[in-house]
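Here are my notes on the fold, as numbered points. Have the structure open while you go through them.

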Amino acid sequence: NRKREAVQRVIDRSLTENIMVTLTLRHDKNDVLKLMLDGQQKACSDLWRDRQWLRLKKEYKFLWNVRNLEVTWSEKNGWHSHIHLLIGCNEDVENELENIRHTLFGAWNRLVQKHGLKALDEQAGVNVVKADNADEYLVKWSISKEMSSDKSGKKGHLSVGDIEIEVL
C-alpha cells in the first residue's frame with residue numbers, strides 16, 4: 001500500500017500522461033527461472049543506457065518511471081517472467097503507442113538475446129498501452145494481495161502468492 005500511495009502521489013503531482021509497458025520473455029517449461037531472471041535483469045539494466053531508450057525518453061519527454069517484476073508459473077509453460085514499466089510522459093503519446101512499442105521491441109529483443117535469452121515474438125515481446133489507474137496494476141504483486149488471492153495468474157498460471165499457498 002505504501003508503494004501504491006507513493007506512485008499515486010507522483011502521478012497526481014506530475015500531471016503526466018502515463019503509459020504502461022510490459023517487457024516479456026519467450027519461455028517454455030524447461031527454462032530455469034534463475035537463468036531467465038539473471039538475463040532479464042542484465043537486459044533491463046542495459047536498456048536504461050540503450051540509445052533507442054534514450055531517444056524515446058527525450059522525444060516523448062519521459063519524466064519518471066517505476067518498474068515491477070512479475071513472475072507466474074504454469075504446468076504447461078513453466079515460469080513466465082515479465083516487467084511492468086509505468087512511465088509518466090510530458091508529451092501527448094496517445095497516437096504514438098505503436099511507434100514506442102516498435103522501437104522498444106527492437107531494443108528489448110536485441111538486449112535479451114545479448115544476455116542469452118530467446119529471440120522474442122513480435123506479437124508478445126513488448127506491449128504499450130495508455131495507463132489509466134496504472135498504479136493499482138503496478139503494485140498488484142504486494143504480498144497482502146497475493147496472499148489474500150486478490151490477484152491470480154491468467155489462464156492457469158500461478159502467481160508467486162498462489163505458489164506459496166499451494167506449498168503451505
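1. Start with strand β1 (residues 17-24) and strand β4 (residues 126-130): they run antiparallel and are joined by five bridges. If you want a spot to look at, find Met 20, which stands opposite Val 129 in β4. Keep in mind that this is a predicted model.

2. β1 also pairs with strand β3 (residues 78-89), again in the antiparallel sense, over eight bridges.

3. How many residues of β1 are buried? Eight of the eight are, so the strand is largely enclosed by the rest of the structure. Side chains in a regular strand alternate between the two faces of the sheet. In β1, Glu 17, Ile 19, Val 21 and Leu 23 point one way, while Asn 18, Met 20, Thr 22 and Thr 24 point the other way, and all are buried. Note that the buried set includes Glu 17.

4. Over in strand β2 (residues 62-74), take a look at Val 71. Its relative accessible area is 12%, and because buried means under 20%, Val 71 counts as buried. Val 71 sits 34 residues from Leu 37 in sequence, and the C-alpha to C-alpha separation of the two is 9.4 Å.

5. Now the helices. Helix α2 (residues 33-47) packs with α4 at an angle of about 135°, their axes 8 Å apart, which makes α2 oblique to α4. The crossing of these two is right-handed. On the α2 side you'll find Gln 40, Ala 43, Cys 44, Asp 46 and Leu 47, and they meet Leu 104, Ala 107, Trp 108, Leu 111, Val 112 and Lys 114 in α4. By class, that contact comes out as eight nonpolar residues, one polar and two charged.

6. Helix α3 (residues 51-59) meets α4 (residues 97-114) too: the axes come within 9 Å and cross at roughly 155°. Why call this pair roughly antiparallel? The label applies to angles over 145 degrees, so α3 is roughly antiparallel to α4. α3 passes α4 in a left-handed crossing. The residues in touch are Arg 51, Gln 52, Trp 53, Arg 55 and Leu 56 of α3 with Ile 100, Thr 103, Leu 104, Ala 107 and Arg 110 of α4. This contact has five nonpolar, two polar and three charged residues.

7. One last thing to check on screen: Leu 104 and Ala 107 of α4 are among the residues that meet α2, and both also take part in the contact with α3.

Methods: Residues are numbered from 1 along each chain as its sequence is written. This is a predicted model: local features need pLDDT of at least 70, side-chain atom pairs count only at pLDDT 80 or more; totals for chains, interfaces and linings use all residues. Side-chain values use heavy atoms; hydrogens and water are left out. Axes are lines fitted to C-alpha atoms, for helices over the stretch in contact, and angles run from 0 to 180 degrees between N-to-C directions. Helices (H or I, at least four residues) and strands (E, at least two) are DSSP runs, numbered from the N terminus. Angles under 35 degrees count as roughly parallel, over 145 as roughly antiparallel, 65 to 115 as roughly perpendicular and the rest as oblique. A crossing is left-handed if the near helix is turned anticlockwise from the far one by less than a right angle, and right-handed if clockwise. Contact means heavy atoms within 4.5 Å. Ala, Val, Leu, Ile, Met, Phe, Trp, Tyr, Cys and Pro count as nonpolar, Asp, Glu, Lys and Arg as charged, and the others, Gly among them, as polar. Buried means under 20% relative accessible area, exposed over 50%, partly exposed in between (1.4 Å probe, protein chains only). Two strands pair if DSSP finds at least two bridges between them.
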